[in-house]
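Please study the sequence and structure shown below before reading on.

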Amino acid sequence: MPASPSTARAINDRLALRLMQDQGPLTAGQLKQLTGLSRPTVADLVERLAAAGLIEVVGEAGEQRRGPNARLYGIVTGRAHLAALDVRTEGVAVLVSDLVGRVLAEASVPIGGDMGTGPAVEQAVTVVERALKESGADRLHTVGIGAPGLIDPASGELRDSSGLPAWHRRLVAALQERLPEARVTVENETNLAALAEQREGAASDRDTFVLLWLGHGTGAAVVLDGALRRGASGGTGEIGFLPVPGTTGLPSATDCEGGFHSLAGSAAVVALAREHGIGPAREPVPGEPEAAALVRAAVAQSPDAADGAADSTPGSGLDTASCGRFLDALADRLAIGAASVVAVLDPGCVVLGGEVGQAGGEALATRVADRLRRMAPLPTQVRPSLLGGSAVLRGALLTARESAQEELFGGQ
């Protein structure tokens, strides 16, 4: 059945808006070429979108061209402002952007484990309000939050999880109360990191892959046929609870100690580095977790490093052989978890995510891939994260932007 005139207009308008989102400002002629629509149809949709306050003239194409045909049309970026939050056990990072994702302000605040729930929530909300003020925007349309823990697929709310601060669950309601006009959504941090790696990072050419998150804790995000899979209870990827050899016990329903977390969580990585004589980097990157700093120092001093790099890189003076053995031992551990995922899902690609995955780079990814070839019969690429810890914020921004655009562009 052919589309009605109103439906056809809505489809054409949304197509034009998506093209401007992906490619930036376009002329009417470029829109005609990219959409395949007739010149009168493009002229009508440009007039319609401009009247709706969604697009505006932002310049002209080329110095030699003048007049209506050279006008560049772009999305009205100030139509809505967005916020993205990365909520960690030890603090919050936030950024505020315009409708097309251009970052206008960033801020972060540490939150100590000894801080009470009320003060912690107030501190987190305050840093969001500060970033909003610094951005120059007067209000937020959508707030996307990435947080550790399980998200209830029915309600979309963060579920109670042992080991996580109580202020995490209170934060969403507090933000909604202080920002009543904003739509506030929350998603598991590892899932958001996977979406960011798929759009902007290491998995940009993959529609099926698994992200193995290596940060304070461990987790996995599963993307199959282009869709993020959350599971019946929102728990897909809770790999920290995976029973594995090499630990002193078994995990329980309320504690992942004894599971894969005990091999690959940040505390385990730090302890493993110490066993191999890997000390703190001499020139640490500000804000970088200790586990990532140790892995980065080991990579710089390992046999994989370029000749002569050892004298000038952070952590110089470390024994090259010890650094190589540490990376080998870490790869042994990571391959255990990765092999379990590969055997069940056959994703074809595993991304080593988080700060540790990014710090390990190709040196660590190559080691894990070598072990997977021996452990699993299914061919699997292993890639290091390109976004590291920033992937959570990027993923939260991407989801906030899509949510806002879906609402604002939906009537077009």
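How many cavities of 30 Å³ or more does the structure hold?

## Basis of the report

The model is predicted: local features need pLDDT of at least 70, side-chain atom pairs count only at pLDDT 80 or more, and totals for chains, interfaces and linings use all residues. Residues are numbered from 1 along each chain as its sequence is written, and side-chain values use heavy atoms, with hydrogens and water left out.

## The cavity

The structure holds one cavity of 30 Å³ or more. On a 1 Å grid over the protein atoms alone, a cavity is a set of points where a 1.4 Å probe fits but cannot get out, and lining residues have an atom within 4 Å of a point. A volume is the space filled by probe spheres set on the points, which are joined across faces, edges and corners. The volume of the largest cavity is about 50 Å³.

The residues that line the largest cavity are Val 87, Ile 145, Ala 147, Leu 158, His 168, Leu 171, Val 172 and Val 186. Helix α5 gives the largest share of this lining, three residues.

## Helices α4 and α5

Helix α4 (residues 117-135) packs against helix α5 (residues 166-178) at an angle of about 45°, and their axes are 9 Å apart. Axes are lines fitted to C-alpha atoms, for helices over the stretch in contact, and angles run from 0 to 180 degrees between N-to-C directions. Helices are DSSP runs (H or I, at least four residues), numbered from the N terminus.

Notes. Helix = DSSP H or I, 4+ residues; strand = E, 2+ residues; numbered from the N terminus. 1 Å grid on protein atoms, 1.4 Å probe; cavity = no way out; pocket = protein on both sides within 12 Å on 5 of 7 lines; lining within 4 Å.
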